[in-house]
Amino acid sequence: MRRYELIAPCHFGMESILKKEITDLGYDVTEVTDGRVSFFGDEEALCRANVFLRTAERILIKVGSFHAETFEELFQGTKALPWEEYLPVDAKFWVAKAGSVKSKLFSPSDIQSIMKKAMVERMKSVYKVSWFQENGQSFPVRVFLLKDEVTVGLDTTGESLHKRGYRKLTAKAPIAENLAAAMIMLTPWNESRVLIDPFCGSGTIPIEAAMMAANMAPGMNRSFTAEEWPHIAARKCWYDTMDEAQELVDLSVETDIQGYDIDEAMVNIARENAKLAGVDHLIHFQRRGVEQLSCPKKYGFIITNPPYGERLQDKAEMPALYRTIGERYRNLDSWSMYLITAYEQAEKDIGRKADKNRKIYNGMMKTYYYQFMGPKPPKRRDS
């Protein structure tokens, strides 16, 4: 069985969580760089990574890497890669995305067009044809340039892995599903502890928590580009992976996961999304403002994505909102609170310095993941 070097991009700041996920799946991580984790695996690893990884953006097969400071070097380096090992003669292929950091070549459109020409030249010489119909399966390519080192990958995923398939309706500023999952995985929460998201919006954080509690693989209800590449990953491999995912699901798990939002329409959207995800029976959604946040249980978790005040008209409301968050949190005995925000005065207005603070890029926006730790619950004595 052929081995590939696979590349899993992720949100900047979440590399350690993704590395642990890949290791837990049973694969050897070869490199961790900003926003990417690389590992070796066969066709089964390719399928399982797409279906089971919660924090990755996509899974790429590394075609090769080389140094390029000029467009001629980019052309020759791309042409030298073994494209015929991946692309059949009727393949529809293109450079879907090019990213450049600290490199002499920085124009994405120029990088894309030059690489496409180089790929065509390579394929012409191998397949002995002068024209490609490109009427077969799709093979999107992604390229990263970092300090003039070019890394070329074949995108096996298609639509980003954060699109689980359950979120048909969203809030104004929804948090990506894989970022929500990573936020939860950075906490010691488990299904035996209460979790409340007082700004749940379209329900992403509670839904991701419920899927984890029920051991539902994030990719089990969607499709992937590489399902149409039988020469790289056989159909049986995808079927076996989906069967494995189905067998692991436990919908009988008991949870106390709650999502609140001040907007009744958002609460209804969250309920609908949870239903589509198959976890609506594990979450209690309710219209409730943060000022009403309370719970009699101890050792619970607030995990949330509150408003940032990005819009000018909302900025003035931020200090009072974050003061309210702080007040309600102080009234929850022995709880922990984890919140992601771009609001710079969050700790000051909450009234407590976070125990930990992690910088995370939510898209291009720099945010902080503030972690306020409560005490650990006492260990249960076995009777």
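Reader: How does α3 pass α4, in a left-handed or right-handed crossing?
Author: Right-handed. A crossing is left-handed if the near helix is turned anticlockwise from the far one by less than a right angle, and right-handed if clockwise. Helices (H or I, at least four residues) and strands (E, at least two) are DSSP runs numbered from the N terminus.

Reader: Where do these coordinates come from?
Author: This is a predicted model, where local features need pLDDT of at least 70 and side-chain atom pairs count only at pLDDT 80 or more, while totals for chains, interfaces and linings use all residues. Residues are numbered from 1 along each chain as its sequence is written, and side-chain values use heavy atoms, with hydrogens and water left out.

Reader: At what angle do α3 and α4 pack?
Author: About 40°, with the axes 8 Å apart. That makes α3 oblique to α4. Angles under 35 degrees count as roughly parallel, over 145 as roughly antiparallel, 65 to 115 as roughly perpendicular, the rest as oblique. Axes are lines fitted to C-alpha atoms, for helices over the stretch in contact; angles run from 0 to 180 degrees between N-to-C directions.

Reader: Which residues of α3 make the contact?
Author: F71, L74, F75, T78 and K79. Contact means heavy atoms within 4.5 Å. On α4, the partners include I111, I114 and M115.

Reader: And by class?
Author: Eight nonpolar, one polar and five charged residues. Ala, Val, Leu, Ile, Met, Phe, Trp, Tyr, Cys and Pro count as nonpolar, Asp, Glu, Lys and Arg as charged, the others, Gly among them, as polar.

Reader: Switching to α5 and α6. How do they cross?
Author: At roughly 65°, with axes that come within 9 Å. The crossing is right-handed. Residues in contact include A180 and I184 of α5 and I205 and M212 of α6.

Reader: Which strands does α5 lie across?
Author: β11, β12, β13 and β14. Helix α5 runs at about 155° to β11.

Reader: What's the strand order in the open sheet?
Author: β10-β9-β8-β11-β12-β14-β13, with mixed pairing. Two strands pair if DSSP finds at least two bridges between them. β10 and β13 stand at the edges with a single partner strand each, so one side of each is left without a neighbour in the sheet.

Reader: Do β13 and β14 pair in the parallel or antiparallel sense?
Author: Antiparallel, over seven bridges. K356 stands opposite Q371. The two strands form a hairpin with two residues between them, and G363 in the turn has a positive phi of about 70°.

Reader: How many bridges join β11 to β12?
Author: Four, and these strands run parallel. F301 stands opposite S336.
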